[in-house]
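Good morning, everyone. Please bring up the model on your screens, and we will go from the surface to the inside.

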Amino acid sequence: MTYASFPALRMRRTRANAWSRAMVAEHVLTPSDLIWPLFIAEGSGVEEPITTLPGVSRWSVDRIAERAREARDLGIPCIALFPNTPRELRSDDAREALNPDNLICRAVRAAKEAAPEVGILTDVALDPYTCHGHDGIVDDAGYVLNDRTSGVLVEQALVQAAAGADIVAPSDMMDGRVAAIREALERDGNHNVQIMAYAAKYASAFYGPFRDAVGSRGLLKGDKKTYQMDYANAEEALREVALDLAEGADTVMVKPGMPYLDIIRRVKDRFEVPVFAYHVSGEYAMIEAAVAAGCAERDPMVIESLTAFKRAGCSGILTYHAAHAARLLGA
């Protein structure tokens, strides 16, 4: 590729004015790129601020319905729901995950009734329902049993689909679970329920505030390194994505987000499918901590971070800053 040389070519010419910068921008962030994760609590009229996630709360089902309407009004196309299951309902076998009247199912129905135009994504994993904090059924040694867990995840996905979920998102990293869920959805006539696979989910230190939000911090025995990915690996992520796509995933996710932009780019280049990223709780909390310490301004930092996901190849981003960003973008 041949370019003119300076001064015939001055790279700053197209940067000199705001209108010109907008005209040549390679990537544009809009509210339709955002998915808003929301946490659900028992009760009515409840808003429970989460200490480790400043500005984020758990909401009772009726308040989740309000958030769905807010998302619609802000142009956010989808919300993601995560329950804070009461301790007394958590068990070794995560049986509450299969209750058609559990927190997440009630929230799905309420959100759909309040704002049917907004998509609902539900988390298919057992950690909000187990008393040990793992994403599956464990044996006596504490090892998560892959095939037994996968069977429970299938039933969980069917329960969520019956409640009205538009996207089921298995986040557990069990082998073979996407194929099993897809087969079950098809068998039950849920042909249009999407699967967004957490295809490359890393065993990360950035999840701490999320565990506070769903009430699993302090419950986890050991770590999740036998099923979530080693953060040193990239080629393995491509194999994981390939498997999930072959098994019937409609879209794939990389989690966490900012430290894994290289993975997002490689997945997009290799597979040319819709790729999503989860801008996780630890990433959100770091931005908010920097703002609180006077080290940064929230608005430009949020927009820059989310635009970086678009530049890396994302079709969309799950972020706790979704409502704030949408307001900024709509201003």
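Start with M1. M1 is exposed, because its relative accessible area is 87%, and exposed means over 50%, buried under 20%, partly exposed in between, with a 1.4 Å probe and protein chains only. M1 sits in the segment before α1 (18-24). Helices like this are DSSP runs of H or I with at least four residues, strands are runs of E with at least two, and both are numbered from the N terminus.

A word on the source. This is a predicted model, where local features need pLDDT of at least 70, side-chain atom pairs count only at pLDDT 80 or more, and totals for chains, interfaces and linings use all residues. Residues are numbered from 1 along each chain as its sequence is written, and side-chain values use heavy atoms, with hydrogens and water left out.

Now the pockets. A pocket is an open set of points on a 1 Å grid over the protein atoms alone, with protein on both sides within 12 Å along at least five of seven lines; a cavity is a set where a 1.4 Å probe fits but cannot get out; lining residues have an atom within 4 Å of a point. Volume is the space filled by probe spheres set on the points, which are joined across faces, edges and corners.

The largest pocket has about 270 Å³. It has 18 lining residues, and W36, G55, V56, Y284 and Y320 are the closest to its centre. Which element supplies the largest share of that lining? β1 does, with four residues. β3 (57-59), α9 (281-292) and α11 (322-330) are among the elements that each give at least two.

Next, the second largest pocket, at about 210 Å³. Its lining has 14 residues, with A203, S204, A205, K225 and Y231 nearest the centre.

Now go inside. How many cavities of 30 Å³ or more does the search find? Two, across the whole structure. The largest cavity holds about 130 Å³. Of its 16 lining residues, D127, K201, F210, K224 and K255 are the closest to its centre. β7 (194-201) and α6 (208-213) are the elements that give two or more residues to this lining.

Last, the second largest cavity, with about 30 Å³ of space. Its lining includes E42, P83, R106 and Y129. That is the tour.
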